[in-house]
Amino acid sequence: MRGKARIAASAALIMALPACSAGTADADKPLRGVLTTPTDIDLDWTDDRPGVAGHLLEFATEETGPYTVLDYLPRQVSDYRHPDLMPHTTFHYRLRDYRGPVSRPTRAELPDGIRFTWTDTTSDEDGFLLEMRKKNSIGYEPVAVVDPDVTATTLVTLPGEENATFQVRAFVLGEQSNVVRLTTGE
């Protein structure tokens with residue numbers, strides 16, 4: 001994600017504890033993690049439930065939080081690398097699915113981007129995702145997050161994005177996954 005509505009975070013991570021890095025994901029523990037270098041963590045998950053539009057990946061340095069958003073990821077993405085983390089630090093990861101109806105926003109071309117507006121037809125959304133599908137790509141990917149009840153955002157486009165297709169998703173977050181605890185090495 002980019003721009004004014006981009007949610008970004010940097011963190012430190014990882015050395016997988018035996019209990020959270022082993023084996024196959026199951027319905028109760030879909031999120032898995034492994035320390036791939038002393039300061040890089042790879043996370044992956046399985047979620048084939050119907051209606052899931054994507055996932056919100058979060059981390060914290062204490063199991064009880066506060067949790068920080070790493071990224072909103074479309075349904076087709078099922079792994080994430082958290083690189084260049086602080087050594088000797090324990091991190092906690094969790095995953096939440098999101099779902100919700102989509103609509104086509106109204107576009108207004110600006111000199112350096114596009115202004116999008118839409119009608120809020122939901123009353124219980126956790127927010128809105130502006131999603132983009134570039135020409136010749138398979139699916140939509142979140143590019144901006146806006147708060148509930150907000151009905152406009154501006155996106156500064158990069159080369160090749162001017163002719164992309166956009167949609168707005170009023171999203172509702174689902175239950176959180178298991179928490180994966182990882183501690184970075186040296």
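# A friendly note on this predicted model

1. **The main core.** The largest nonpolar core has 15 residues, and L31, L43, L57 and Y93 have the most contacts inside it. A nonpolar core here is a set of buried Ala, Val, Leu, Ile, Met, Phe, Trp, Tyr and Cys residues joined through side-chain atoms within 4.5 Å. Buried means under 20% relative accessible area, exposed means over 50%, and partly exposed lies in between (1.4 Å probe, protein chains only). At least two residues of this core come from each of β2 (40–45), β3 (54–60), β4 (68–74), β6 (90–99) and β14 (180–183). Strands (E, at least two residues) and helices (H or I, at least four) are DSSP runs, numbered from the N terminus.

2. **How to read the model.** This is a predicted model, where local features need pLDDT of at least 70 and side-chain atom pairs count only at pLDDT 80 or more, while totals for chains, interfaces and linings use all residues. Residues are numbered from 1 along each chain as its sequence is written, and side-chain values use heavy atoms, with hydrogens and water left out.

3. **L31 and its neighbours.** Which residues does L31 touch, not counting those up to four places away in sequence? The list is L43, D44, W45, Y93, R94, L95, S177, N178 and V180. A contact means heavy atoms within 4.5 Å.

4. **A second core.** There is also a separate core of 14 residues, which includes W118, L130, L155 and V168. Have a look at T153 as well, in strand β12 (residues 152–155). T153 is buried, with a relative accessible area of 8%. Setting aside residues up to four places away in sequence, T153 touches I114, R115, F116, W118, L130 and V146.

5. **The chain as a whole.** The protein chain has one helix and 14 strands. Of its 186 residues, 45% count as buried. Among contacts between residues at least 6 apart in sequence, 73% join residues at least 24 apart. The accessible surface of the chain comes to about 9,900 Å², and carbon and sulfur atoms hold 50% of that. These areas come from the Shrake-Rupley method with a 1.4 Å probe; for residues, only the protein chains shown count as cover.

6. Two strands pair if DSSP finds at least two bridges between them. β1 and β2 pair over six antiparallel bridges, and the bridge partner of T37 in β2 is D40.

7. The structure holds eight salt bridges, each a side-chain nitrogen of Lys or Arg within 4 Å of a carboxyl oxygen of Asp or Glu. In one of them R32 meets D44, with the closest N and O atoms 2.1 Å apart. R32 lies in strand β1 (residues 31–37) and D44 in strand β2, so the pair ties together parts that are 12 residues apart in sequence. D44 is partly exposed, at 25% relative accessible area. Another bridge joins D42 and R81, with the closest N and O atoms 2.6 Å apart. D42 is in strand β2 and R81 in strand β5 (residues 79–82), so this pair links parts that are 39 residues apart in sequence. Both count as partly exposed, D42 at 22% and R81 at 44%.

8. E109 and R107 meet through their side chains at 3.1 Å, N to O. E109 is exposed, at 55% relative accessible area, whereas R107 is partly exposed, at 33%. Salt bridges with shared partners also join D47, R49, D97 and R99 into one network.

9. **Backbone points to check.** Most residues other than glycine have a negative phi, and most peptide bonds are trans. The peptide bond from G65 to P66 is cis, with omega near 10°, and P66 is in the loop between β3 and β4. H88, in the loop between β5 and β6, has a positive phi of about 55° although it is not a glycine. H88 counts as exposed, at 61% relative accessibility.
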